[in-house]
Amino acid sequence: MATSWGSLLQDEQLLEELARQAVDRALAEGVLLRTTQEPSSSDVVSYAPFTLFPSLVPSALLEQAYAVQMDFNLLVDAVSQNSAFLEQTLSSTIKMDNFTAHLFDIYKQVLGEGIAQTVFLGLNRSDYMFQRSADGSPALKQIEINTISASFGGLASRTPAVHQHVLNVLNKTKEAAKVLSNNPSKGLALGIAKAWELYGSANAQVLLIAQEKERNIFDQRAIENELLAKKIHVIRRRFEDVSEKGSLDQDRRLFMDGQEIAVVYFRDGYMPTQYSTQNWKARLLLERSCAVKCPDIATQLTGTKKVQQELSRAGVLEMLLPGQPEAVARLRATFAGLYSLDMGEEGDQAINEALAAPNRFVLKPQREGGGNNLYGEEMVQALEQLKDREERASYILMEKIEPEPFANCLLRPGSPVRVVQCISELGIFGVYVSNFCLRRQVPFSRKPCFRKVEKDQSGFFPGEEHPPFT
């Protein structure tokens, strides 16, 4: 994609001055992270990495991403209800991936006991890149959908003001006016507030499951502050705290320190290293409760790479979203190539193709949080080791998306101001709330009695709880 910053990027003195002003404005706006040296303290903070100039997005692709997010909300909700699909899809993965297996064990235990939760909340973020087509035009292609701890809605809400400030300093007022307003934290908070309301207890609180060492706390605080403005109180606790002081009453209502909990919002629990035996017990306690979990464990499983790969198979979307051919077409248009590595002829063929043309593929494990994918020679080495082992079923192969690079200036604490070639991800947040008169796990989706959907444009931040551009 062409940019309009070309001549500006040649003036080093100007860039240095703009960078100083941009960093000051970012600090003033609250585009903040705790430091790596003190991740548990806000005594000393720094700015989150960002680009000096805003990244350009073709308006048609932005509108496409907005429109299809509604479909992804429906799809995630449908998959999370479909126990037969989840069990069949993850059957090979849970044999080889202990983390996914542990999540699935809790899912089956809660399913067997009977799901107490009646209100369901999804706060998802679908991430895209712009694939270069043969004719040079960009196409919207999904990288993944994040169904747990989808982050940077708070910081993305504050970034537009920084970019507008930079452009206004340059007297580019027309360009500054084109920077879109963006407030995902408000939309995310609206979803939590609606779930809290539907839970039906005016004195109940929201429990945010947080890590003890949380650099990205200001992103989370933005949502907490939106909720407090609605007189909905949020308490922050670790899994360890839930294990020690959490309890259920005879109706499976959840209490924390004696206070009833309406909504559990996970900003932890998406990586194996975040779970001890004690933490797994806490997660089970939360899942057994009638509190609204965001996400419930079925929705977290829906966000696995294996489910993403299976959704790309012919006929699967039609089965999950019957009678909705337009939605199916919109969804499928965003899919890149996705390939199973299960044992058998199909998996063998995918591995052979990747080994023959490694630059065309990415190897993905069942992990969230960023930094887990393998490319190039690392992917080749991994596939050579995995190709004859059942462990390969814990991975999927994905077509490598090739967006057009563009020049911009990356601003990072402690790093010199420099112009580099960048690629962007576009993240679209989707919020859905379902209140089921009767929700059962069935081999097809049932329409909820109530559904509210909010949508917001996110910033260009890949990964989960990690700073952008890492």
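**Helix crossing and strand pairing**

Student: Which hand is the crossing of helix 2 and helix 16?
Tutor: Left-handed, in this predicted model.

Student: Which residues make that contact?
Tutor: Helix 2 brings Gln64, Val68, Asp71, Phe72 and Leu75. Helix 16 brings Ala327, Arg330, Leu331 and Ala333.

Student: And by class?
Tutor: Six are nonpolar, one is polar and two are charged.

Student: At what angle do the axes of helix 2 and helix 16 cross?
Tutor: Roughly 110°, and the axes come within 9 Å. Angles of 65 to 115 degrees count as roughly perpendicular, so helix 2 (residues 59-81) and helix 16 (residues 325-333) are roughly perpendicular to each other.

Student: New topic. In what order do the strands of the open sheet run?
Tutor: 12-14-13, with antiparallel pairing.

Student: Which strands stand at the edges?
Tutor: Strand 12 (338-340) and strand 13 (361-365). Each has a single partner strand, so one side of each lacks a neighbour in the sheet.

Student: How many bridges pair strand 12 with strand 14?
Tutor: Three. Tyr339 stands opposite Leu397 of strand 14.

Student: Which strands does helix 17 lie across?
Tutor: Strands 12, 13 and 14, running at about 125° to strand 12. Helix 18 (residues 376-386) lies across strand 13 and strand 14, at about 60° to strand 13.

Student: What about strand 6 and strand 7: parallel or antiparallel?
Tutor: Parallel, joined by four bridges. Leu207 stands opposite Ile235 in strand 7.

Student: What unit do they make with helix 10?
Tutor: A right-handed β-α-β unit, with helix 10 spanning residues 217-229.

Conventions
Residues numbered from 1 in each chain as written. Predicted model: local features only at pLDDT ≥ 70, side-chain atom pairs only at ≥ 80, totals over all residues. Heavy atoms only, no water. Pairing = 2+ DSSP bridges. Helix = DSSP H or I, 4+ residues; strand = E, 2+ residues; numbered from the N terminus. Right-handed = clockwise from strand over helix to strand, strands pointing away. Axes fitted to C-alpha atoms, helices over the stretch in contact; angles between N-to-C directions. Parallel < 35°, antiparallel > 145°, perpendicular 65-115°, else oblique. Left-handed = near helix turned anticlockwise from the far one by under 90°. Contact = heavy atoms within 4.5 Å. Nonpolar A, V, L, I, M, F, W, Y, C, P; charged D, E, K, R; others polar.
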